[in-house]
Amino acid sequence: MQSATPNKGHGNKEASSILWSPFDILNDRIVDSDVKPTYRIIGTDVVSYKTIYNYSCTLYGLYAEGKGSKKEKAKENAATEMIRQILNEQNAKTLSNHFKPFSEQEMNDLQTLFKTKQNYTEFLEETAKEDIPLPLVIKSKIRHT
């Protein structure tokens, strides 16, 4: 059985997809190894001294967005949403031949990833709603002579 993610020489061909990043999982689904998803920053939100980054991911006409407190996390969440779209296309039997389909086991493994990402997104949204300023720590570099 093919794993949801690349084996990367770790010796465990049945490695769970949750051990791989969404970037690796997404890239492994693309048939043409020369094609990569395109990530673009589409905006930032600043709430209570916190910056939330918004990124898009496009690939073969599909479009997904992700948010995160760091740019890399926002890209990762966009990749996760793209994986979710690919699964939706596969379930609707409209998956493009540009993608390798997921096996039943891989789809089950990915549910853990989706649940984790959903919990993170909900946490991020709740945190952004709170209007509590973060403590400001200022360290002085005054020399005493």
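**Entry 1. Conventions**

I worked with a predicted model, in which local features need pLDDT of at least 70, side-chain atom pairs count only at pLDDT 80 or more, and totals for chains, interfaces and linings use all residues. Residues are numbered from 1 along each chain as its sequence is written, and side-chain values use heavy atoms, with hydrogens and water left out.

**Entry 2. Helix α1**

I began with helix α1, residues 22–29. Helices here are DSSP runs of H or I with at least four residues, strands are runs of E with at least two, and both are numbered from the N terminus. How many of the eight residues of α1 are buried? I found six, and α1 is thus noted as mostly covered. Buried stands for under 20% relative accessible area, exposed for over 50%, and partly exposed for what lies in between, with a 1.4 Å probe and protein chains only. The buried residues of α1 are Pro 22, Phe 23, Ile 25, Leu 26, Asp 28 and Arg 29.

**Entry 3. Salt bridges**

I next looked up the salt bridges, of which the structure holds five. The term requires a side-chain nitrogen of Lys or Arg within 4 Å of a carboxyl oxygen of Asp or Glu. In general, side chains of opposite charge can pair when their charged atoms come close.

Asp 28 and Arg 29 form one of these bridges, with the closest N and O atoms 3.3 Å apart. Is this pair buried or exposed? Both Arg 29 and Asp 28 are buried. Asp 28 counts as buried because its relative accessibility is 15%, and Arg 29 because its value is 0%.

Asp 28 also forms a salt bridge with Lys 100, where the closest N and O atoms are 3.9 Å apart. This pair links distant parts of the chain, since Lys 100 lies in the loop between α2 (71–91) and α3 (104–129), 72 residues from Asp 28. I noted Lys 100 as partly exposed, with a relative accessible area of 28%.

Arg 29 has a further salt bridge with Glu 106, at 3.7 Å between the closest N and O atoms. Arg 29 belongs to helix α1 and Glu 106 to helix α3, so the pair ties together parts that are 77 residues apart in sequence. Glu 106 is buried, with a relative accessible area of 3%. Through shared partners, salt bridges join Asp 28, Arg 29, Lys 100 and Glu 106 into one network.

**Entry 4. Charges over rings**

I returned to Arg 29 and found its charged end over the ring of Phe 102, 4.3 Å from the ring centre. A charge sits over a ring if NZ of Lys or CZ of Arg is within 6 Å of the ring centre and within 35 degrees of the ring normal. The charged end of Arg 84 sits over the ring of Phe 114, 4.4 Å from its centre.

**Entry 5. Aromatic pairs**

I then looked up the aromatic pairs and found two. Rings of Phe, Tyr and Trp (its six-membered ring) pair if their centres lie within 6.5 Å; planes under 30 degrees apart count as stacked, over 60 as edge-to-face, and the rest as tilted.

Phe 23 and Tyr 39 form an edge-to-face pair, 5.7 Å centre to centre with 85° between the planes. Phe 23 lies in α1 and Tyr 39 in strand β1 (residues 38–47), so the pair ties together parts 16 residues apart in sequence. Phe 23 is buried at 17% relative accessible area, whereas Tyr 39 is partly exposed at 23%.

Tyr 60 and Phe 99 are also edge-to-face, because their ring centres are 5.6 Å apart and their planes stand at 90°. Tyr 60 lies in the loop between β2 (50–59) and β3 (62–68) and Phe 99 in the loop between α2 and α3, so this pair ties together parts 39 residues apart in sequence. Tyr 60 is partly exposed at 33%, and Phe 99 is buried at 5%.

**Entry 6. Strands and turns**

Lastly I looked up the strands, which pair if DSSP finds at least two bridges between them. Strand β2 is mostly covered, with eight of its 10 residues buried. Nine bridges join β2 to β1, and the two strands run antiparallel. In β2, Ile 52 is the bridge partner of Asp 45. The hairpin of β1 and β2 has two residues between the strands, and Ser 48 takes a positive phi near 50°.

Which way do β2 and β3 run? They are antiparallel and are joined by seven bridges. In β3, Gly 66 is the bridge partner of Tyr 55. Their hairpin has two residues between the strands, and Tyr 60 in the turn has a positive phi of about 50°.
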